[in-house]
Amino acid sequence: MTVGAIAALEPSLGSDRFAETLARLDELGPPSELLERAPAEAAAALDLDRIVLSRVDNGRLTAQSLHAPAWQYSAEDALIALRAASASIDYPSVEGEVLRRRRPQLVRVAEGDPVERRAYADVMGWREYVVAPIMLEGRVIGFFHGDRHAGNRALDEQDAANMGTFALCFAIVYERAILRTRLRIQRQEMRQIASWAASRTSELTDRAIALGPDDFEAAGGSTAAGTGTAGRGDGTGESALQELLTRRELEVLRLMVQGRTNADIAREFVVSQGTVKFHVKNILRKLHAANRAEATSRYLRLTLGQGGPAGS
């Protein structure tokens with residue numbers, strides 16, 4: 001469903017203005033920027049004064065971002081207070097009912113109505129507001145809350161319906177932003193793999209070929225387990241590692257053995273921590289090690305008797 005088609009669901013919103021709002025959201029960068037800007041865009045599109053965007057965490061609402069008039073109070077201070085007032089969405093809360101029915105709702109506060117029934121009531125001082133669930137893959141992942149200043153037009157059911165439409169559109173735009181981010185990360189990982197493969201291929205093809213048994217076979221056919229060379233001090237353990245790992249991976253492994261962290265190694269080689277993590281992952285895979293401690297143990301077994309870990 002396109003943004004224009006979704007905007008047509010609710011003509012009263014003003015399809016042009018609504019479509020423009022959604023297009024602006026869709027053009028934003030990472031999901032974090034979308035979460036930050038969504039309340040202000042919702043307030044403009046829906047003619048509301050205050051909008052709270054919350055996420056659902058283990059049956060509770062946690063405020064993510066807020067739009068409010070600058071003349072009323074500091075939005076930054078209010079957001080801190082909202083996050084401290086994390087609200088339960090269990091029965092009999094209004095949000096619990098919205099979660100169960102999965103439909104937007106207009107809420108008017110009756111005299112004597114317990115504040116516990118309304119999320120953020122102590123902070124926001126709701127008299128009337130609209131609330132709508134944000135749904136993805138059949139799950140409610142968050143909520144929009146919104147109200148209008150007391151001096152302006154009162155809220156009605158149409159405002160609730162409009163909020164529901166906006167929440168539906170936001171969910172689609174947010175999902176697209178998440179997928180774009182994941183694809184970008186995967187492309188970066190694939191480029192790293194391709195770079196490693198090219199480097200490894202270059203090392204293999206550049207190596208001189210001699211008439212005789214392969215060095216790896218000469219080393220006893222050692223594998224990542226290294227049991228055949230453990231405890232040997234004649235250099236075969238180190239040779240097996242050089243056959244198994246690239247030069248940079250061996251350098252990273254030696255620093256791991258010294259107890260250096262990913263951040264330390266990244267600073268040592270002037271690379272990103274992501275690149276170090278990529279090397280560590282390859283090292284663990286090639287050594288058939290479940291973790292860094294196991295990789296260190298296998299390195300020491302292979303190089304035992306050679307004066308301790310290289311580079312120490």
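Q: Which way do strand 2 and strand 3 pair, and over how many bridges?
A: In this predicted model, strand 2 (residues 60-67) and strand 3 (residues 87-88) pair in the antiparallel sense, over two bridges.

Q: Which residue is the bridge partner of leucine 61 there?
A: The partner of leucine 61 is alanine 87, in strand 3.

Q: What do strand 1 and strand 2 form, and what is in the turn?
A: The two strands form a hairpin with two residues between them. Asparagine 58, in the turn, has a positive phi of about 50 degrees.

Q: Which other residues have a positive phi?
A: Among them are aspartate 47, at about 60 degrees, and histidine 288, near 55 degrees. Neither of these residues is a glycine.

Q: Where are they, and are they buried or exposed?
A: Aspartate 47 is in the loop between helix 3 and strand 1. Histidine 288 is in the loop between helix 12 (273-286) and helix 13. Its relative accessible area is 59%, so histidine 288 is exposed.

Q: Back to strand 2: is serine 65 buried or exposed?
A: Serine 65, which is in strand 2, is buried, with a relative accessible area of 1%.

Q: What does its side chain reach?
A: The side chain of serine 65 reaches the backbone oxygen of leucine 35 at 2.6 Å. Leaving out residues up to four places away in sequence, serine 65 touches Leu35, Glu36, Pro39, Ile51, Val52, Leu53 and Leu79.

Q: New topic: which residues touch the most other members in the largest nonpolar core?
A: That core has 29 residues, and Leu34, Phe144, Met163, Phe166 and Phe170 touch the most other members.

Q: Which elements supply it, and where does the largest share come from?
A: Helix 2 (15-26), helix 3 (31-46), strand 1 (50-57), strand 5 (128-136) and helix 7 (157-206) each supply at least two residues. The largest share, 10 residues, comes from helix 7.

Q: What is phenylalanine 170 in contact with?
A: Apart from neighbours within four places in sequence, phenylalanine 170 is in contact with Leu34, Leu35, Ala38, Leu53, Ile134 and Phe144.

Q: How many residues does helix 13 have, and how far does it reach?
A: Helix 13 (residues 292-303) has 12 residues. From its first C-alpha to its last it reaches 16 Å, close to the 16 Å expected at 1.5 Å a residue.

Q: Which of its residues are buried, and where do they fall?
A: The buried residues of helix 13 are Ala295, Thr296, Arg298, Tyr299, Leu302 and Thr303. Seen down the axis of helix 13, they fall within an arc of 165 degrees, so they line one face of the helix.

Q: What happens at the start of helix 13?
A: A side-chain oxygen of asparagine 291 reaches to within 3.2 Å of the backbone nitrogen of alanine 293.

Technical notes: Residues numbered from 1 in each chain as written. Predicted model: local features only at pLDDT ≥ 70, side-chain atom pairs only at ≥ 80, totals over all residues. Heavy atoms only, no water. Helix = DSSP H or I, 4+ residues; strand = E, 2+ residues; numbered from the N terminus. Expected span 1.5 Å × (residues − 1). Buried < 20%, exposed > 50% of the residue type's maximum accessible area, 1.4 Å probe, protein only. Arc of directions from axis to C-beta. Polar contact = N/O pair within 3.5 Å; in protein donor to acceptor, adjacent residues only side chain to side chain. Core = buried A, V, L, I, M, F, W, Y, C linked by side-chain atoms within 4.5 Å. Contact = heavy atoms within 4.5 Å. Pairing = 2+ DSSP bridges.
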